[in-house]
Amino acid sequence: MPLDHETFDVIVVGGGPAGSTAAAFVAMQGYRVLLLEREASPIYKIGESLLPPTIHGICAMLGVSDEIKNAGFVRKLGGTFQWGKSKEPWTFSWTQSPRFQTSTSYAYQVERMKFDLILLNNARRKGVDVRERHRVLGPALEDGKVAGVEILDDAGEHRIVRCSYVIDASGSTSALARHVSERVGSPFFRNIAVFGYYLNGKRMPEPCSGNIFCAAFDRGWFWYIPLSPTLTSVGAVIGEEYSDILQQGPAAALADLIAGCGSIRDMLSNATRVPEGPYGEVRVRKDYSYCHAKFWRPGLVVIGDAACFVDPVFSSGVHLATYSGLLAARSVNTLLGGSLSEERVFTEFERRYRREYTYFHDFLVSFYDMDQDLNSYYWAARKVTKASGVGHEVFLQLVGGIAGSGERLYASDREFIQALQGIGRRFGPIQDSGDAESHNGVSGPSSLVEVPLLFADGLIPSRDGFQWTEPRGSKSVHQLLDSGLPVKRAV
Ligand code: FAD
């Protein structure tokens, strides 16, 4: 196969949220990044309900906060669930948690064609060479190391493009991930999703009108996501034992399922299904809950849906995709900078990423037990995270995507600096030169603070958040907790 004359520092495969995030964070460090996307934008995707860290953490670091704010997305304060023993709907809101400051206690419900394009265009602006209609066929190996990719370009030419590192963000159909490790399907979540779009569905009363509504029924559960004042995304997640319903075709199956769920039937009583365009199709997805045994090998790291995904009831997909994009970019930036070994930086990546995924996965196993009450779900959140706080608070952190990373969200530099001062007081020095004063005037990741050291022998984020660095003397959260000092875990 012909070899392309160009070489890059990094090739990112896939222009979804994971790929655009990772590519931009690497390009922002001055490296030459090529992003290859199989389709042409805008690309329809499912996965419309987001979590606060994506909006106030990742999007702020990427510099797209204003664009996201002005895009007209529906503001999501939390979720309303008809789920568990009691048949009465219950609501959680991130405003109830002190860990989500008032100004960061919400996310958005997004039309993915718009959201993904904002992130992809931002990557372009940050210097990423984005090429659409370029399909990656597989890895190009040199001495057992991944040293590029084989592609089919937009002119139908096959060739090899070389680079120092490949980031695979090509989603559930990845052609690269199986070259890293085996994909292990979840034995527990073997469901089928059937989904479409409706006009003029009802809205829940304020302040819940922008919430995701999840309603359990005898064959599974529904999501009901308001995407605009008139457009609603509606999907049924059913057990595979009910797959016969699909024999009549997806649209008739969805109508049948809606008829069998009283609350969704009522919300849609005056609504009509969108008849045409990208929202006119009723789609079916299955086999979407899995996790790869390992997320990297020399020369190649796998992120987002290419690495893992679990049932969508708590909207974790885009959060895991963008968070893993940040973690992988840190590892690649550090590796290319030459300060730490590949093993060291990707071990940190994989531990942090796997921890966040596992929190969602393990909690969802308990949450799928419909015979429980709310307190049991709170207890499950504490058990999974091993946190000692109040159950409701731990639950809010877990489903808000800040339990695994220990993140705390801040809206402004001022809050960020105050937060660091707080960390300094409680934990002592957080990194080699990372005391509160030295952060005055930073214009970096002002809205995302992570627990600096998650693992006793691990690494910490650099001051600007774009690389890893050795902790040099700082203590892990666990060491501090074990030391008996009067420290709070929630930082
Ligand atoms: P993707 O968004 O899938 O992007 C991958 C990109 O790679 C695509 O653009 C694709 O065209 C490109 N690509 C693929 N192969 C190649 C190739 N060979 N060469 C080049 N490019 C390639 N998440 C949420 O956060 N909230 C939700 O409410 C939610 N609901 C969901 C409901 C269902 C039924 C399912 C199945 C998932 C849901 N998700 C949800 C998950 C969410 O869809 C994904 O987690 C998210 O889109 C992952 O982002 P990504 O960037 O990893 O992958």
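Trainee: What does helix α7 (residues 317-337) reach from its first C-alpha to its last, and what is expected at 1.5 Å a residue?

Mentor: This predicted model gives α7 a reach of 30 Å over 21 residues, close to the 30 Å expected. The expected span is 1.5 Å times one less than the number of residues. Helices here are DSSP runs of H or I with at least four residues, strands are runs of E with at least two, and both are numbered from the N terminus.

Trainee: Why is α7 called largely enclosed by the rest of the structure?

Mentor: Buried means under 20% relative accessible area, exposed over 50%, and partly exposed in between, with a 1.4 Å probe and protein chains only. In α7, 18 of the 21 residues are buried, so the helix counts as largely enclosed. Gly338 follows α7, and its phi is positive, near 85°.

Trainee: What makes helix α10 (residues 391-399) mostly covered?

Mentor: Of its 9 residues, 8 are buried, including Gly391, Glu393 and Phe395. Its buried residues pack against β5 (90-93), α8 (342-367) and α9 (374-385); contact means heavy atoms within 4.5 Å. After α10 comes Gly401, with a positive phi near 80°.

Trainee: Which is Arg125, buried or exposed, and how do you know?

Mentor: Its relative accessible area is 52%, and the cut-off for exposed is over 50%, so Arg125 is exposed. You'll find Arg125 in helix α4 (residues 112-125). Leaving aside residues up to four places away in sequence, Arg125 touches Val64 and Glu67. Arg125 and Ala27 are 98 residues apart in sequence, yet 9.7 Å apart in space, C-alpha to C-alpha.

Trainee: How do you know that strand β13 (residues 212-217) pairs with β14 (residues 220-226), and in which sense do they run?

Mentor: Two strands pair if DSSP finds at least two bridges between them. β13 and β14 have 5 bridges and run antiparallel, so they pass that test. One example is Cys214, whose bridge partner in β14 is Trp223. A hairpin through 2 residues joins the two strands.

Trainee: Which way do β4 (residues 78-82) and β13 run?

Mentor: They run parallel, joined by 4 bridges, and Gly79 has Ile212 in β13 as its bridge partner. β13 is mostly covered too, with 5 of its 6 residues buried.

Trainee: What makes β11 (183-185) and β21 (308-309) edge strands?

Mentor: Their open sheet has 3 strands, in the order β11-β18-β21, with antiparallel pairing. Each of those two edge strands pairs on one side only. β18 (residues 290-292) and β21 share 2 bridges, and the requirement is at least two, so they count as paired. In that pairing, Tyr290 stands opposite Phe309.

Terms used: Residues are numbered from 1 along each chain as its sequence is written. This is a predicted model: local features need pLDDT of at least 70, side-chain atom pairs count only at pLDDT 80 or more; totals for chains, interfaces and linings use all residues. Side-chain values use heavy atoms; hydrogens and water are left out.
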